[in-house]
Every structure is written in C-alpha cells, then in structure tokens.
Amino acid sequence: MADLDQFRLEVRQWLEDNCPASQRLPITREEQVWAGKNKQFPSDDAKLWFERMRDKGWTVPEWPSELGGGGLDERQAKVLKEEMKALGCRTPLFDLGIWMLGPAVLEFGNDEQKQEHIPKIARGDVRWCQGYSEPGAGSDLASLQTRAEDMGDHFLVNGSKIWTTNADKADWIFCLVRTDPDAKKQEGISFLLIDMDDPGVTTTPIELISGESEFCQTFFDNVKVPKANLIGELNKGWSVAKALLKHERKLMSEIGGDTPGPSFGPVQAALEYVGTDENGKLKDAALRDQLVRHEMAYRAIGLTHFRTFEERMSGQADSNVPLIMKYVGTEEGKRKEELLLALLGHQALGWDGDGFNEDEKLTTRGWLFSKALSIAGGTSEVQLNIIAKRVLGLPQQ
Amino acid sequence: MALVLNEEQRLLKDTAKDFLSENMPVEALRTLRDSDDPTGYSQQQWQQMCELGWASIVLPEQYDGLDFGFMGLGAIIEESGRTLAASPLLSTVVLGASAILLGGNEEQKSSLLPKVASGELTLALALEEGHHHAPLDTAMAAEAHDGGFRLNGNKSFVVDGHSADKLVVVARTSGTAGSADGFSLFLVDGDAKGLTRQRRKMVDSRGAAALSFDNVDVSADALIGELGQAWPVLETVLDRGRVCLAAEMLGGALECFERTVEYLKERDQFGVKIGSFQALQHRASLMYIELELAKSVLFDAFSAIDDKRADLPQLASLAKARMNDVFELVTNEAVQMHGGIGVTDELEIGFFLKRSRVATQLLGHSGFHRDRYASLCGY
C-alpha cells in the first residue's frame, strides 16, 4: 500500500509537470486526438501532451513496456486514471486498437503479430476499426456470412460489414470472417486483420438520427489478405471475438467518462433550466423525482464498478457482476439523456442555427446518439439473455 | 471505503448463516405467528444470539462490546433477513443502543450498554406518531416537572415497543412540529406509571406496539444528551437503523429471488421448464441486476457508518430507498412467478412479501428517502 501511495505522489507530480493547462479542460469532440497514419492535432498543446504520454507508455498504461506500454499493474493503472481524472487531464489518444484489438492481440496473437501491431497501437500510428456485424447478422452475430477463402498463400475476402464505426477514417479493420462454411455457426469463424488500403475495400458512411455519420458500411470485393493476418487459430475466431466483446462491453458500461457532451450534468442543468423554490427544492416535483432517481442509480452503478474492482483485487472476484455493467451503464445512460432533454425543455429541441447554444445542441444530439448505446456491442435484450443463461443457469429453449 | 468483506467478516457471516438456518428458519416465524406469541420473538433464541456476541458486536470494548463494526453486524443482519428471523436486534442493538452510545452520558452508557451486550436489557425507539415515517413532525411533549420531566402523547408502530425493558422516547421540549429544534430523548421504563402499551398484530407477524403516555413522569437523569438538542443524534441513530434494516431487506430479497429462480428451473408447463421462457428470463435477470447494485450500495453505507463519514445521510437514504424498491419488486415477482401456489399461506414466499411492506414503511418509504437525498444534494 505504501508503494502505491508513493506511486500516486509520483504520478501526480509528473502529471502536474507535464500536462499542459489547456489539456486539463473538458474535451470537445473536435479536440480528441485519434490514432492514424495522418494524425490531426487540434493544437500544439494536444500534440505535446500526446507525445509525453506516448513516451511514458501511458497511452496504454497496462501493456508491456517492451511493446510500448506503461508496464503498470491494474492497481497502478487505476491510480493513474484517478489522478488524471482529479486533474482533469484529457485522454491523450483515442483508438479502438487501444480499447479492443490490442488486448486481443496480446492474449491471442503470436510474437510476430505482437511485435508488428502492439507498438503501433501504443504510439497511435494506426487507427483501427471493427468489422463484426453484417446486414444479416446483428444480435445473431454468429450467422455472419463474409467469406475468407483459403487460396494457399492468402485469404480471399468477399462480403460486407456494417456499423463499422469510423471506418472511413480508419487505416486497418479487425474482422470476423467465415473460413469454414460447412461447420456449425460459431465453429467456422476466424479473426482477421485487413488493411483498409488493400484493393477491393470500400466504405460508405451511414447517416444516423443524430445527424452524425460515425457508423459506416464496409464492402470487401475479392480482397487478398496475407495469412500472417490471422489472429488465433483458424476457425477459432469466435473465442477471440468473445474475449474482445467483453472489452467492448466494459468500455460501453463506462461510457460518459470521456465522451464529449454538454458541459453540464443533470443536477446543474436542473438548477439552471428549472430552478428552485424558496426551500431550495427544484420547482418541478416530477422532474425532481426523475432527477433524484437517476442520481441515485448512477451512484449505485458507480459503487458497483468500485466493488468489482475491489473484488478482483482481493481475490474474491465474482465474474458474474461485470456481466450486468453493460446493461445498467447503457440503460441508465439513456435515461440520463432523456432526463437532460426534459430538464432543458424547449431548449433541447433545436437542431441547428440560432436560438440554441452549443451545450443545448449537444444535449439534443447526445440524446439521439444514446439510443445506439443499448444496441451496439450486444443489445440490452441479449445482455439479459446472457445473465439468465450464464449467471442464473435458467434452462434454454 | 470497503466494498468487500474481510476474512473475519466473512467467517462471521457464515456462522450466522449456519446458526439461523438451523435454529431460526422461516418456519420459526410461522410458529411464533400461529402460537400467538405475545413477545413476537423467542427469548431463548435471543439469548443464544447474545451468546454468539451479536448484541455486543458494535459496542465499544469499555462497555463489554466487541467493537467489531457495523460491516460485521450488517453481514449478520443480512443473514437474519434470509430466514426472516424475529429478534430485537434492530430495536435494541441498532436503534436503542446507538441512541445511548451517541447521545448518553458516561453514567448512562456504563450502566446500560453492558446489559445490552449481555442480553439482559432490551430497548425500543418510540418515534412515530402519524401514518408515515416523519421524524420532524414529532409533536409529543415533554415538560419540565418536579425536577424531572412529564411526558404526554401517543406513539405508534414502535418496533418491539410492547416487550422492551426500556424505551427511548423521542419528544419535544420546545419547538413545533416540522422544526429540528427542541428534540429531546428520554429513557422510560417499560412498566412506567401512566404508560399503556398495546401490541399491534402486524401483517409480518413481528412485534410492534402503540404506546400512550398519560402523565408519565421521569427523573432528570432520564434525559439522553442535551435538552432540546437531540436532532443530530436522532438522525444518526435513524440512519444506522435505515442501513441495517436495508441489509435485512437485502437478505430477504436475495432469499426470495433464489427460491424463485429455483422454482423456474423446476416447474413444468407446456412440456418445458417455465424458466426457459424469455418473458420470465428477462424479468429474473433484471432482479439479479437490481440486487447486485443494492449490494454495492449497502457495502458503502456500512463503510460510511464505520468510518463516521459525513455522507452517511445520503448513503442511508440511498440504501433504504433502493431496498424498499428492490424488495417490493422481488416479492411481487416471486409471488407472480410461483403462480397459484404463490398466494397460498403454505408457501413461505408470502412471509417475505408481508415483511417487505412492513420494512418499507419502517424508517421511511422510498418517497421520503428520495426527497431527503435530493435535499441533501442541494436540489
């Protein structure tokens, strides 16, 4: 414990010394630094902050230092996270490679693959996107049809992937592909890395209800992929995917921490847009009740995050509890957006132009975008199925 | 902040589970009910609980306590909720003893607390006067009289009030209903002159009483703490009670939930186990989620008591409001998912349903606690 306290002091000092003041302000979507061959920095400070964190290995604090990571253990990484949060330090680098692919390569990849991909992710040299869902394979992901045919020295890939987030900006994509069409659903799937610059790969953005086009559809037309890009064993891609989905769900359960949104939380919005009476109570009793229900739920969820961490640390891990976090995080996240909408009233209903400030427009768009949270990464209904089966052991039909 | 039990606390929890399931299963409550037991709990079993140290667990060592902390007591109480074990643990150890410990003078503490620890003395907190938990609305008057105090008024829904050796009575020595000023706490003997105690038969078969005070005179040393300054002490006493009661409710809800999930795996309809129906699976999963969130809240609430944290009021209201809602959800779903047998007296699920609603009203329903939480958070 004393070591950890010492570490905390060192981290705090280092952050104080190295994080530019401008990088301690709340981040907007435009200010996020995403990985990629052609990284864009919104400011010199953002570049400096990114480079300092990269050189420290703290873009990926828990990865091995010989592969460009920070070499921290889980407790230390938590301390870093807490200290960054306390100072308001921005996340220096955004990338699906950090959150999802990296952990999978570290777990399932061979040495060459680790050497090839991990340092590039740590340094933010490559931007990754994910190719899982298909037009005909959503919740029933294992029914995916994109084919990767064994051509001896390479795979020939044909098919299409949908909801490929930011695929139009990505350099590489990690995909689930069917390598054995005759095997049972889950058994003929492999995990493949594809260079988006390869001939035959095309991507089209999809416009969403929020007006954004983060999600894309990506098409593969006779794309040649080297065999070295297969992660894990042939036809064993499903287990890689499952491990990776856990990271995605964990990420989604924590969403809100660093995603751009209005500068106010629900309580602040309530005080500003609804106001209080002479007793200091919110003027609208129904909204007050809605607000307090949400605040109480968030606190319970936050405490459950802490509890799962403490259980892991004390060796009393109940592996079932993390299974609920994707569901509660996204469902309560949606309720938060509905609440903000209600609190802002007319001011959260603007689409564009005058009469609405940036925070108000972000509230509107955030509300619309939040509808995707309980669909992406396994719908809420699928999460409840999983709990019923894996945790409660209820019989399957 | 501790959100997991340590080794000693887990051991304690296991011991409690063994003792309670062997000696005080739900069947024991049924027996108390059917025999019309005047006390509402078994004296003999209460003595056994005291021998196990449960009455002394949170008391300081100087008063013969074990000074083991509320986290440990909470683990025991949670287990007692699983079997709906009737005992004066909440009334005596949590509410009564806390009032003396937090508000009393040295003489009161050293003369009374060791007797609580040994099981010689039972206590009850006489608080409620209206139809809902509303401590600020206390109107009962205590007036200076003959060097001591004279109490007049009525108290209702006093848990174990008919059987307790001594009552801790919440009264006003000044101020009007709705104000936090003027609260005083008094120790009154259960057999005091002018005090009438009537056992009320509650739906949960546990002990509660209506008390009427008709010129009940107590001496000056019956006053606990400063005259008219008892509100902060009372708040902390009630918050401890709310957290501990929430732990009992968690135990009850967990037991009820687990029994229901087992039933879903056993019961055949349409040629399959009913647990294979998605309509029921999703509802079961939702209950599991609510219970897991509640567990985290309770751990933190007990930490807040033990670490004397300033945010105990928030945590207590969070814990009580959540468990009110979760216990209601789980007991309703348990009855519904058991189908016809769910509404029979033979099935024990009904006992949990009944206890749930009594526990909900006790020390504040969800609306009370959401309102309180919101006010504490500045809106």
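Predicted model: local features only at pLDDT ≥ 70, side-chain atom pairs only at ≥ 80, totals over all residues.

Guide: Residues are numbered from 1 along each chain as its sequence is written, while chains are lettered from A and ligands numbered from 1 in the order in which they are written.

Visitor: Which element of chain B gives the most to the side that touches chain A?

Guide: Two residues are in contact if their C-beta atoms, placed from the backbone, lie within 7 Å. By this rule, 33 residues of chain B are in contact with 39 residues of chain A. Helices (H or I, at least four residues) and strands (E, at least two) are DSSP runs, numbered from the N terminus, and those giving two or more residues to this side of chain B include helix 7 (231-266) and helix 9 (312-338). The element that gives the most, with 13 residues, is helix 8 of chain B.

Visitor: How many residues on that side of chain B are nonpolar?

Guide: Ala, Val, Leu, Ile, Met, Phe, Trp, Tyr, Cys and Pro count as nonpolar, Asp, Glu, Lys and Arg as charged, and the others, Gly among them, as polar. The side of chain B that touches chain A has six charged and eight polar residues, and its nonpolar residues number 19.

Visitor: Within chain B, which helix gives the largest share of the side of domain 1 that touches domain 3?

Guide: The domain bounds come from an automatic or database domain assignment, which gives domain 1 (7-120), domain 2 (124-229) and domain 3 (232-376) in chain B. The contact takes 21 residues from domain 1 of chain B and 24 residues from domain 3 of chain B. Helix 2 (26-34), helix 4 (70-82) and helix 5 (89-103) of chain B each give two or more residues to the domain 1 side. The largest share, 10 residues, comes from helix 4 of chain B.

Visitor: Which residue of strand 5 of chain B stands opposite B:Lys166?

Guide: Two strands pair if DSSP finds at least two bridges between them. Strand 4 (residues 166-172) of chain B is joined to strand 5 of chain B by seven bridges, and the two run antiparallel. Opposite B:Lys166 stands B:Asp189.

Visitor: How many of the residues of strand 5 of chain B are buried?

Guide: A residue is buried if 20 or more other C-beta atoms lie within 10 Å of its own, exposed if 12 or fewer, and partly exposed in between, with C-beta atoms placed from the backbone. Strand 5 (residues 183-189) of chain B is mostly covered, and of its seven residues the buried ones number six.

Visitor: Is B:Asp146 buried or exposed?

Guide: B:Asp146 has a positive phi of about 55° although it is not a glycine. The residue lies in the turn of a hairpin formed by strand 2 and strand 3 of chain B, with two residues between them. As 9 other C-beta atoms are within 10 Å, B:Asp146 is exposed.

Visitor: Is A:Asn166 buried or exposed?

Guide: A:Asn166 also has a positive phi of about 55° and is not a glycine. This residue is found in the loop between strand 3 (154-162) and strand 4 (172-178) of chain A. Because 21 other C-beta atoms are within 10 Å, A:Asn166 is buried.
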